[in-house]
Amino acid sequence: ANAVPPPKVRGAPQAPRDPRVGLRRSAGYRPPVLLVGEGNFSFCAALARRLGCGQGLVATTVDPETPADSEAEAKGPVALCRSQGCEILYDVDATQLLRVQQLQGRHFRCIVFNYPHTDHEYDDVSICVEGNCFMIKAFFLQATQLLRESGEIHLTLQDQPGSLHRRLEIPQLAAEASLELVDVVRFRHGDWPGYRYVGSRGQRPVSAPDFEPSYTFCFARTGARRPSVAARLYPVCLARAWALGALLPLRSPLDRLRPERRDD
């Protein structure tokens, strides 16, 4: 059946740009922050520049450290991260975070995983979906135990009708780790100068247009806070194959309404 078109929101007030790169004012990226799957550490470097300091930022990559990495520390994102006080960890599996000695006994206000994916080829969609579901669910289960009670997990993904990530039903995977979606915000690469996504060593950096449109999905412990209008609308987008961007202009005026009126 053809997808039902989303409601028109022509004339709805646009949400004001948050000076802190559009993220929610509750948790945002305030340290301590754990960054998972950093690849080339360029997002960590961009975040350290944005915050003005890298203290309290812990950035990890699945790749093991090599002599080439030590030589590269004299320049590039890793050098910037270290100069700003960031902690860099190599050989960290997102599905085995609790086994990392440097993370044991620590709890973070925010845990970030940008564009998670496995190495499965996209040609075999069913295997790709199954592999990514396993990885993200395992990540949620591990990350929850490293999260502060009031903290958030931020997952940034490309999201549009028909995309792979819509098949993963990520809110349901989060629910299995006692997490719920509390907000969805647009991820704009222009807010992060110098950030170029690399999944793992040897992969080419991916340009921003390849990931448009991207959104950051914010998860918190179930019942910890009231989900935003955007979070509550997302299941509707999934069910009706709507583009999330068509509904986000509604979030600003609706989120300002009294809670008892938001369901009208």
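Two strands are said to pair if DSSP finds at least two bridges between them. Helices (H or I, at least four residues) and strands (E, at least two) are DSSP runs, numbered from the N terminus. The model is predicted, so local features need pLDDT of at least 70 and side-chain atom pairs count only at pLDDT 80 or more, while totals for chains, interfaces and linings use all residues. Residues are numbered from 1 along each chain as its sequence is written, and side-chain values use heavy atoms, with hydrogens and water left out.

Strand E2 (residues 57-60) pairs with E3 in the parallel sense over 3 bridges. Thr-60 has Leu-89 in E3 as its bridge partner. Both strands belong to an open sheet of 7 strands with mixed pairing, in the order E3-E2-E1-E4-E5-E7-E6. Strand E3 (87-89) and strand E6 (179-186) are at the edges with a single partner strand each, so one side of each has no neighbour in the sheet. On average, neighbouring strands of this sheet are turned by 20 degrees against each other, direction ignored.

Helix H1 packs on the sheet and touches strand E1 (33-36), E2 and strand E4 (108-114); contact means heavy atoms within 4.5 Å. The direction of H1 makes about 170 degrees with that of E2. Axes are lines fitted to C-alpha atoms, for helices over the stretch in contact, and angles run from 0 to 180 degrees between N-to-C directions.

The axes of H1 (residues 42-51) and helix H3 (residues 76-83) come within 8 Å and cross at roughly 40 degrees. H1 is therefore oblique to H3 (angles under 35 degrees count as roughly parallel, over 145 as roughly antiparallel, 65 to 115 as roughly perpendicular and the rest as oblique). Ser-42, Cys-44, Ala-45 and Arg-49 of H1 make the contact with Pro-77, Leu-80 and Cys-81 of H3.

The structure holds 14 aromatic pairs, where rings of Phe, Tyr and Trp (its six-membered ring) pair if their centres lie within 6.5 Å, and planes under 30 degrees apart count as stacked, over 60 as edge-to-face and the rest as tilted. The rings of Phe-113 and Phe-139 form an edge-to-face pair, because their centres are 5.0 Å apart and their planes stand at 70 degrees. Phe-113 lies in strand E4 and Phe-139 in helix H4 (residues 125-144), 26 residues apart, and the pair links distant parts of the chain.

Two backbone features were also found. Pro-31 and Pro-32 are joined by a cis peptide bond with omega of about 5 degrees, and Pro-32 is placed in the segment before E1. Asp-91, in the loop between E3 and E4, has phi near 60 degrees, a positive value in a residue other than glycine.
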